[in-house]
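User: I am new to this structure. Please show it, then take me through it in questions and answers.

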Amino acid sequence: MTFSDILLAFIPDIAKSIWRAIPNSITKYKLKRFFGPSVLGDGNFWLVVDPYYHPLPRAGNRFIKKFLGRKPDQPLIGEDRVLGSNILRLLGYLAAVLGQYRDNDSPITFVADEDVENRWDGTMICFGSSDSNLKTLDVEGLPQNGFYNLKFNAAGMRCFEVAGRDYNIVPNEDKAIILRIRNPRSPEHWLFVCAGLGEWGTSGSTRYLFTHWKQLHKRYKDHNFIVVVAVKGRSDENVEELYSTST
């Protein structure tokens, strides 16, 4: 077999590899444009969660592990800081998108909000409202956030005020916002907030961001934006976009 014969035998496989690489490269380019240049592992890209502390002073056991009838429920001392169960759902949504394109030696970095309290040198996605997430509170207070306020409405309910309208929880329906603004202290990076009034709003808005990021990128390009969503029936898959705008 001549060298030409060998080369011809491999041409179909080479062509297929190139054909697969093109859309992969395009997706990576769009990910960097939408989430920031560090999204694929080259630089600071933080996913900021909101741990809870045990109440002080300690009064006996703080946590209960339910065994669903298999044996009596077990009181636990537990950790000093805990995370909500919705963090497990967030992990899945993030890994499904980012895990395909990040290098194996670039793990996705989750940090506690207090660990990046004074950090602005990267892209951050903050999970949870400013009632629980310290970094969300910082982002919310930036002059660049002219999109929303978290407040109490006339009925005393917590709500997001967006474009003069209040969005609050109603029976079987949480409300949430997805915010993206340019990081004013590191302009090559972005600041995101995925925040619900309840836990399903936070995880539902996160799923919406990571399953619709291509559409959001096409719609908003390099602009700041906010999207308001309703998360219905305690289901992250049942999300309806209610309002959106950009600057």
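Analyst: Helices (H or I, at least four residues) and strands (E, at least two) are DSSP runs, numbered from the N terminus. This is a predicted model in which local features need pLDDT of at least 70 and side-chain atom pairs count only at pLDDT 80 or more, while totals for chains, interfaces and linings use all residues. Residues are numbered from 1 along each chain as its sequence is written, and side-chain values use heavy atoms, with hydrogens and water left out.

User: Which element gives the largest share of the lining of the largest pocket?

Analyst: A pocket is an open set of points on a 1 Å grid over the protein atoms alone, where a 1.4 Å probe fits, with protein on both sides within 12 Å along at least five of seven lines; lining residues have an atom within 4 Å of a point. Helix H2 (86-98) and helix H4 (199-211) each supply at least two lining residues. The largest share is three residues, and it comes from H2.

User: What is the volume of the largest pocket?

Analyst: Grid points are joined across faces, edges and corners, and the volume is the space filled by probe spheres set on the points. For the largest pocket, that gives about 250 Å³.

User: Which residues are the closest to the centre of that pocket?

Analyst: The lining holds 18 residues. They divide into six nonpolar, eight polar and four charged. Here Ala, Val, Leu, Ile, Met, Phe, Trp, Tyr, Cys and Pro count as nonpolar, Asp, Glu, Lys and Arg as charged, and the others, Gly among them, as polar. Closest to the centre are Asp50, Tyr52, Ser132, Gly198 and Thr202.

User: How many disulfides does the structure hold?

Analyst: A disulfide is a covalent bond between the sulfur atoms of two cysteines. The cut-off used is a pair of cysteine sulfur atoms within 2.5 Å. The sulfur of Cys194 has its closest cysteine sulfur in Cys126, 9.1 Å away, so the two are too far apart for a bond. The number of disulfides is zero.

User: Is Cys126 buried or exposed?

Analyst: Buried means under 20% relative accessible area, exposed over 50%, and partly exposed in between (1.4 Å probe, protein chains only). Cys194 has 0% relative accessibility and counts as buried. Cys126 has 1%, so Cys126 counts as buried.

User: Which residue in the hairpin of E8 and E9 takes a positive phi?

Analyst: The hairpin has five residues between its strands.

User: Where does Asn172 lie?

Analyst: Most residues other than glycine have a negative phi, and most peptide bonds are trans. Asn172 is not a glycine, yet has a positive phi of about 65 degrees. Asn172 is exposed, with a relative accessible area of 59%. Its place is the loop between E10 and E11.

User: What separates the C-alpha atoms of Pro171 and Lys232?

Analyst: Pro171 lies in the loop between E10 (165-168) and E11. Its relative accessible area is 79%, so Pro171 is exposed. Along the chain, Pro171 and Lys232 are 61 residues apart. Their C-alpha atoms are separated by 9.1 Å.

User: What is the phi of Lys221?

Analyst: Lys221 is found in the loop between helix H5 (213-220) and E13. At 44% relative accessibility, Lys221 counts as partly exposed. Its phi is positive, in a residue other than glycine, and is near 50 degrees.

Technical notes: Two strands pair if DSSP finds at least two bridges between them.
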